[in-house]
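These are my notebook entries on a structure that I am looking at for the first time. I wrote them in the order in which I looked things up, beginning with a single residue.

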Amino acid sequence: MSTHPLTGPARPLFLPHRRILLLFGAFVALSAAGLIALRVIGADHLEQLAGDNTLSSWAFDFGYGSSLSSAATAIAWLPLPVAYFAGAALFGADLERGTAQLTWTQSAVTPARWLAVKLAVSAAVFTAGAGLLSLLYRWGRNGGEDVLSDEWYFTDVFLALGPAAIAYGLLALATGALAGLLLRRAVAAGSVALGATAFVMLFAESVRDRLWPTQEVVWRLSRGELAGSAWQQESGLVVDGARVPRCWTPGGIHPAGCHSGRGVREWYAVFHPPSHFWPIQLVETGIVLALTAAVTYAAFRVLRTRHG
């Protein structure tokens, strides 16, 4: 009996990519080990920092925090190399070299099954790996979140903490499949898939704050402060009953018109509290998964049209 992890129709389809799969496995294993070590180090150092001076806290954040920040970046943007791999190696190269067509004619693997198996196995491998890293990152971050300088709404942290990064990885695979089927050139398909995935991720970043209704607070007689973990969207003065945004700046500069009214007694702020993390995360994940389903459907349509 074969002991190879890929059996059935998946094995011949993925053997040419086994080096990349092993590389991904090594990346996940090393990253997981690093995150576990960070969690252990973080918990130990937090006990030592209790009541210590600011310099020690800064040094701890610089080492522990910068390492976690790098981990968040790696997890958050992992869909980009996945997109290139899917477009260039997984689909584009097979179609460019004729490997896919040879598989369809000399085996029981139909074009539709070829596409389905490649997408399903790749999705399972990526979901398992990225999901593990996301859970370990959340666990590691909990070891010293109070002294970290990056907040939950920072793009890398936001993606690494939840399922959105996995959803973007699945979108990357589907986009790579569609690009490979349309272009049938490895480098071109990989580049297009990478660019398309990056565009979607950057566009989502620009509209993320609008995926869930914000909260508002009004201070009377004196200006208050939001908690450091609040994602502030807007702030200003209430002048003669009308809101004038950006009246207050950290440097104390007040734009013209901020004090033109009489009786300025109120300040306001619009923000997302930390409790909005999961609503925003799940809305974004749902949108990306819906887009993934649409791109996957388009890939099967193209396959059926050209190779039916």
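**Entry 1: a loop residue.** I began with Arg184, which is partly exposed, with a relative accessible area of 29%; buried means under 20% relative accessible area, exposed over 50%, and partly exposed in between, with a 1.4 Å probe and protein chains only. Arg184 lies in the loop between helix H8 (164-183) and helix H9 (186-207), where helices (H or I, at least four residues) and strands (E, at least two) are DSSP runs numbered from the N terminus. I also noted that phi of Arg184 is near 55°, a positive value in a residue other than glycine.

**Entry 2: what kind of model this is.** The model is predicted, and local features need pLDDT of at least 70, side-chain atom pairs count only at pLDDT 80 or more, while totals for chains, interfaces and linings use all residues. Residues are numbered from 1 along each chain as its sequence is written, and side-chain values use heavy atoms, with hydrogens and water left out. The mean pLDDT (the predictor's confidence in each residue, from 0 to 100) of the protein chain is 84, and 79% of its residues reach 70 or more. Over residues 1-5 I found that pLDDT stays under 50, and the model has 3 contacts beyond four places in sequence for them, a contact meaning heavy atoms within 4.5 Å.

**Entry 3: the chain as a whole.** I read 10 helices and 4 strands in the protein chain, and from the N terminus on the elements run α-α-α-α-α-α-α-α-α-β-β-β-β-α. Of the 308 residues in the protein chain, 44% are buried. Among the contacts with a separation of 6 or more, 79% are between residues 24 or more positions apart.

**Entry 4: the largest pocket.** Which residues lie nearest the centre of the largest pocket? They are Ile20, Phe24, Pro81, Val82 and Phe85, out of 14 lining residues. A pocket, on a 1 Å grid over the protein atoms alone, is an open set of points where a 1.4 Å probe fits, with protein on both sides within 12 Å along at least five of seven lines, and lining residues have an atom within 4 Å of a point. About 300 Å³ of space lies in the largest pocket, the volume being the space filled by probe spheres set on the points. Helix H2 (18-49), helix H4 (79-97) and helix H6 (111-141) each supply at least two residues of this lining, and H2 gives the most, with 5 residues.

Entry 5: Leu78 sits in the loop between helix H3 (54-76) and H4 and is buried, with a relative accessible area of 10%. Leaving out residues up to four places away in sequence, Leu78 touches Phe24, Phe27 and Phe126. The C-alpha atoms of Leu78 and Ala160 are separated by 9.9 Å, although the two are 82 residues apart along the chain.

Thr155 is in helix H7 (residues 155-161) and is buried as well, at a relative accessible area of 14%. With residues up to four places away in sequence not counted, Thr155 touches Trp77, Glu205 and Arg208. Thr155 and Arg208 are 53 residues apart in sequence and 9.4 Å apart in space, C-alpha to C-alpha.

Ser122, in helix H6, is buried, with a relative accessible area of 9%. A polar atom of the side chain of Ser122 lies 2.7 Å from the backbone oxygen of Lys118.

How values were computed
A polar contact is a pair of N or O atoms within 3.5 Å; within protein, one must be able to donate a hydrogen and the other to accept it, and residues adjacent in sequence count only if both atoms are side-chain atoms.
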